[in-house]
Structure formats: structure tokens, C-alpha cells
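These are my notebook entries on what I looked up in one model.

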Amino acid sequence: MYQSACNKRCRQERASIPDLDPGGAHGVLGLPDREFAIVEDRRGEHGVGAADHDAIHQVLQPTDASRCDHRHIDRVRDRYGISVQVVSPEADDLQEMVATHGANLFYKSADMRRLCCDVRKSRPLARALAGYDAWITGLRRDQASTRKETATVAPDPAHEGLTKIAPLANWSKDKVWAYIHEHDLPYHSLYDLGYTSIGCAPCTRATVKGEDERAGRWWWEVNEVKECGLHWAAKQA
Ligand code: SF4
């Protein structure tokens with residue numbers, strides 16, 4: 001998940017959504033098909049844009065550094081000339097969860113998986129979003145059944161008071177990849193190894209032709225909602 005603060009320019013662009021032309025949406029398209037967010041700062045202090053980002057953060061999925069491919073952060077830094085703030089889970093939350101349920105709790109049940117996602121992703125995200133009015137994600141409707149109703153701009157039920165913006169909501173996977181190649185954008189290296197959706201290492205595998213784009217996420221679960229902790233809302237349970 002990436003996010004950055006947003007100034008007046010961002011607010012103006014947001015005001016044009018849902019008629020937003022994705023091609024004109026500053027840095028958000030620099031990392032399509034990833035969890036990407038631009039967050040509006042109530043203080044209006046920070047800038048955002050292809051050339052004037054001054055704050056961008058990533059919530060890492062900290063289970064396996066190789067899968068996270070931290071080099072991707074450097075590629076983003078180099079490409080856009082921005083700073084990257086890494087947001088991590090609270091050590092106390094993590095210790096308590098692992099002591100109580102074990103390090104591989106996510107394999108035990110969907111509830112345990114959701115707990116892990118909550119501790120490792122959702123709580124850090126909530127901390128990172130505190131003080132902002134809105135955030136932008138890379139969700140697309142054709143990624144999964146849980147995302148087919150994704151609104152371009154809507155209140156975020158998982159984060160009260162925040163607006164969630166999904167400028168790529170109506171983009172197809174092919175359109176995203178065409179844009180990436182056309183503009184030579186940096187992307188996560190695992191996409192070249194057959195991964196079509198990338199989460200934490202123990203919960204992600206590559207997919208094969210014909211499988212759902214998110215079939216490699218929590219692949220051992222049957223008849224469960226395969227939604228990332230970052231976008232989980234209780235009503236989906
Ligand atoms: S994807 Fe897996 S390891 Fe990562 S936070 Fe969720 S359950 Fe935990």
C-alpha cells in the first residue's frame with residue numbers, strides 16, 4: 001500500500017472524479033495494479049504529483065522480505081524522486097498474536113487469517129491514514145468478485161470519515177499492463193514469475209492460465225472471501 005499526502009492540486013483532481021481521466025492522475029498510475037493510495041492531508045501541507053511528491057509510504061507485508069522485494073521501494077524512489085515511509089505492525093500486537101496463536105496462524109482458519117491481516121496490515125494502515133480525509137487505492141473491479149462493485153469515489157466503511165478513491169476501478173488488467181509497458185513503469189518483479197496478485201509470502205502463490213487473478217491468495221481456503229486485510233470490511237464476512 002502506498003500513500004502520500006495531497007495538496008490543493010490533488011483535491012482539485014479528486015473533485016473531478018468520477019470523470020477523472022486516469023491518464024492524467026499524477027503518480028497513482030506510476031504503480032498500477034498495486035495497493036496504491038494518495039491521502040489528502042487536512043493540513044494541506046504536502047504536495048503530490050508526478051514531479052512533486054514529497055511523501056509516500058508503503059505498508060510492507062513483513063512476513064518475507066524476498067517476496068516483498070524491498071528493491072521495489074528503491075525503484076519507486078528512483079523513478080519518482082520521492083521519499084518512502086515504511087509502516088510496520090506494532091511489535092506488541094505481533095508478539096501477542098504469535099504467542100497466542102502461533103506464527104502460522106493464517107493456515108488454521110479464515111478467522112485467524114483475518115486476525116493476522118488485521119495486525120499486520122489493517123492496523124498499520126489505520127495509523128498511517130490518521131489525520132487524512134481520503135486515500136487512493138489501485139483496486140479494480142475485474143480483480144475479484146469482492147471488487148466488482150468498487151466505486152471510483154465513496155466513503156470507506158473500513159475507515160470512518162475517510163473517502164476511498166479508486167481511479168483504476170474500471171481499468172482492465174490488460175489496460176493496466178499496456179500502460180505499464182507503454183510508459184516503462186516500475187513493477188514488482190514477481191509478476192514476471194507468474195504471480196498475478198502479491199501478498200505475504202506464506203499466503204501467496206503464482207497462478208496458472210485460466211485461474212482467477214487472486215486465486216493465488218490464501219489458496220488453501222475454500223468458499224471464503226479472498227479480500228486483503230487492507231480492504232476488508234466486516235460486512236463482507
Ligand atoms: S496475507 Fe497472510 S501473512 Fe500477510 S497479513 Fe494476511 S494472513 Fe498474515
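Entry 1: C203. I found that C203 counts as buried because it has 22 C-beta neighbours inside 10 Å. I took buried to mean 20 or more other C-beta atoms within 10 Å of the residue's own, exposed to mean 12 or fewer, and partly exposed to mean in between, with C-beta atoms placed from the backbone. I located C203 in the segment after α6 (173-182). Helices here are DSSP runs of H or I with at least four residues, strands are runs of E with at least two, and both are numbered from the N terminus. Leaving aside neighbours within four places in sequence, I listed F106, R217 and W218 as the contacts of C203; a contact requires C-beta atoms, placed from the backbone, within 7 Å. From C203 to R217 I read 5.7 Å, C-alpha to C-alpha, across 14 residues of sequence.

Entry 2: basis. I noted that this is a predicted model, in which local features need pLDDT of at least 70, side-chain atom pairs count only at pLDDT 80 or more, and totals for chains, interfaces and linings use all residues. Residues are numbered from 1 along each chain as its sequence is written.

Entry 3: W218 counts as buried, with 24 C-beta neighbours inside 10 Å. Its phi is positive, about 45 degrees, although W218 is not a glycine. I recorded that most residues other than glycine have a negative phi. D184 is likewise not a glycine and has a positive phi of about 50 degrees. I placed D184 in the segment after α6; with 7 other C-beta atoms within 10 Å, D184 is exposed.

Entry 4: cores. Which residues have the most contacts inside the largest nonpolar core? I found W135, I165, A166 and L168, in a core of 13 residues. Such a core is a set of buried Ala, Val, Leu, Ile, Met, Phe, Trp, Tyr and Cys residues joined through C-beta atoms within 7 Å. The elements giving two or more residues to this core are α5 and β4 (134-136), and β4 supplies the largest share, three residues. Apart from this core I found another, of six residues, including F106, C116, C200 and W218.

Entry 5: α4 and α5. I looked up how helix α4 (residues 91-101) packs with helix α5 (residues 110-129): the angle is about 165 degrees and the axes are 10 Å apart. The axes are lines fitted to C-alpha atoms over the stretch in contact, and angles run from 0 to 180 degrees between N-to-C directions. The two helices, α4 and α5, are therefore roughly antiparallel, a term for angles over 145 degrees. On the α4 side I listed D93, L94, M97 and H101, which meet M112, L115, C116, V119 and R123 in α5. These contact residues divide into six nonpolar, one polar and two charged. Among the 11 residues of α4, the count of buried residues is zero. G102 follows α4 and has a positive phi, near 90 degrees.

Entry 6: whole chain. I recorded six helices and six strands. Of the 237 residues, 36% count as buried.

Key
Angles under 35 degrees count as roughly parallel, over 145 as roughly antiparallel, 65 to 115 as roughly perpendicular and the rest as oblique. Two residues are in contact if their C-beta atoms, placed from the backbone, lie within 7 Å. Ala, Val, Leu, Ile, Met, Phe, Trp, Tyr, Cys and Pro count as nonpolar, Asp, Glu, Lys and Arg as charged, and the others, Gly among them, as polar.
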